[in-house]
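Subject: Structure handover

Hello,

My notes come after it.

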Amino acid sequence: MRVALVSLIGLTLAGAVGRLLLPRFFMRRYYRHAYAPIRLTATDGGDGPPEQQLRDVPWIATDVPACQSTSLQMIAAQHGARCSRAEIDFLMAFTYGFSSIPGTDAFFPGGVDPEVGLRDAAPYLGLRRRYYVTDDPALYVRALRSFLARGYPVRVALDMGRLYGASEFIPHSDVLVGYDARGYYLYETVCLPPASCTPGERPPGAAGIYVTETHLLQAVTNLARRFAYPWRYALTIFEPGPPADDLRPVWARLAHATLGGNRYGPPTGVAVLERAADQIERQEARYRVASITTGLEVAARFRRDNARFLRERFPDQADLARVADHLERAADHYAAALAAGAGGIADRHAARQIATMLREAAAAERATGAALLARAQGRGDR
């Protein structure tokens, strides 16, 4: 699995698309509105012990590009909300839909800005998200250590490539669980290169991966610069908050991610697949299937995970059983397209065959979105 695609699922929709296509004024207005940033002040940092290691956070690392939801999964577990990554994907709408990768033919399976997804999912886990920002590195370091000293695992969005010394820019999300005089201990969320860990779940108290303070700060600022954030440093903590149980907003987010409809840039949702099918059929480019291979591989796995979750979580809901059928059918078409394009596109017939498979997958995705929208509007089975 290529590192670039593994990490690009961590791109925010605004960061990836808006950075290239929207004026800076509108980008910054979006960030300030959607992210609800809280400016750090001197009172947010305080003296703590010279070393700290949290002992109540499990280390959960996956082998698929699901860094954002895995970050929240670990933090929710500390608060007593033990749940699967598939459930958090559902609450965030993180692994539903598609987004284009600007400047390429590739795409990744996820159509929701993960920062917004974290914000929206938190109440369903009995949590409240706090997103703190600053331009002052000293204040940022004090806040990191202060929150850790008070028992908060700290979620950080950063450039994974810079963190581990790779040359590639890799938007990513990790969880800090401790510090000492020189640096920090983090729980890596995706154990694929350039990370050297192995996927799995380790009990609370595991040491994690050690990174120096210099590397961490550089990785955080690299991400902020690439996405043109109105701040240089950001951190996220979660604290107990008012619980939510009305799933209608969740169904609406899932439907929006699946159906798409980005006005300001490249397509999102179903239109991403339809565009790829048109391009393959029209141009018969050998490289084009290769460029979307990883996206299709991950999409097939995510759609099967999504379907399994819906069947297990809502076993008596006929409309969601049909949604699960649509998702599994889409996954089958992604797998078939991968098999058909494994050796490249030999001729016009092969191009049409692959394009047809993608259009059939798009039809299944569109049926999924329509059913989810009906449930959001109160028209689904109960």
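Below is what was found, from the whole chain down to single residues.

First, the ground rules. This is a predicted model, where local features need pLDDT of at least 70, side-chain atom pairs count only at pLDDT 80 or more, and totals for chains, interfaces and linings use all residues. Residues are numbered from 1 along each chain as its sequence is written, and side-chain values use heavy atoms, with hydrogens and water left out.

**Overall**

The protein chain holds 14 helices and 12 strands. Both are DSSP runs numbered from the N terminus: H or I over at least four residues for helices, E over at least two for strands. The C-alpha trace spans about 65 × 45 × 40 Å along its principal axes. The radius of gyration is 21 Å, which agrees with the value near 21 Å for a compact globule of 382 residues. That radius is taken over C-alpha atoms, and the globule rule is 2.2 Å times the number of residues to the power 0.38.

Of the 382 residues, 59% count as buried. Buried means under 20% relative accessible area, exposed means over 50%, and partly exposed lies in between (1.4 Å probe, protein chains only). The accessible surface comes to about 15,000 Å². Carbon and sulfur atoms own 51% of that surface. Areas come from the Shrake-Rupley method with a 1.4 Å probe; for residues, only the protein chains shown count as cover.

Contacts mean heavy atoms within 4.5 Å. Among contacts with a separation of 6 or more, 75% are between residues 24 or more positions apart.

The chain carries 46 positive and 39 negative charges, and their mean positions are 5 Å apart. Lys and Arg count as positive, Asp and Glu as negative; His and the chain ends are not counted. Each charge is placed at NZ of Lys, CZ of Arg, CG of Asp or CD of Glu.

**Cysteines**

A search of the whole structure finds 1 disulfide, meaning a pair of cysteine sulfur atoms within 2.5 Å. The partners are Cys 191 and Cys 197, with sulfur atoms 2.1 Å apart. The torsion about their S-S bond is about -105 degrees, so the disulfide is left-handed. Both Cys 191 and Cys 197 are buried.

Cys 67 is buried, at 3% relative accessible area. Cys 83 is in no disulfide either; its nearest cysteine sulfur, that of Cys 67, is 17 Å away. Cys 83 counts as buried at 14% relative accessibility.

**Backbone points to check**

Pro 193 and Pro 194 are joined by a cis peptide bond, with omega about 10 degrees. Pro 194 is in the loop between β9 (183-187) and β10 (200-202).

Two residues other than glycine have positive phi. Ala 36 has a phi of about 50 degrees. Its place is the loop between α3 (24-34) and β1 (37-39), and Ala 36 is partly exposed at 41%. For Ala 93, phi is near 60 degrees. Ala 93 sits in the loop between α5 and β4 (99-100). It is buried, at 0% relative accessibility.

Thr 70 is in helix α4 (residues 67-78) and is buried at 1% relative accessibility. Leaving out residues up to four places away in sequence, Thr 70 touches Ile 60, Thr 62, Arg 85 and Thr 189.

Asp 89 is in helix α5 (residues 85-92). Asp 89 also counts as buried, at 1% relative accessibility. With the sequence neighbours up to four places away left out, Asp 89 touches Ser 69, Phe 94, Thr 95 and Tyr 96.

Thr 134 is in strand β6 (residues 127-134). Thr 134 is buried, with a relative accessible area of 5%. Its contacts, again not counting residues up to four places away in sequence, include Arg 39, Leu 40, Trp 231 and Tyr 233.

Best regards
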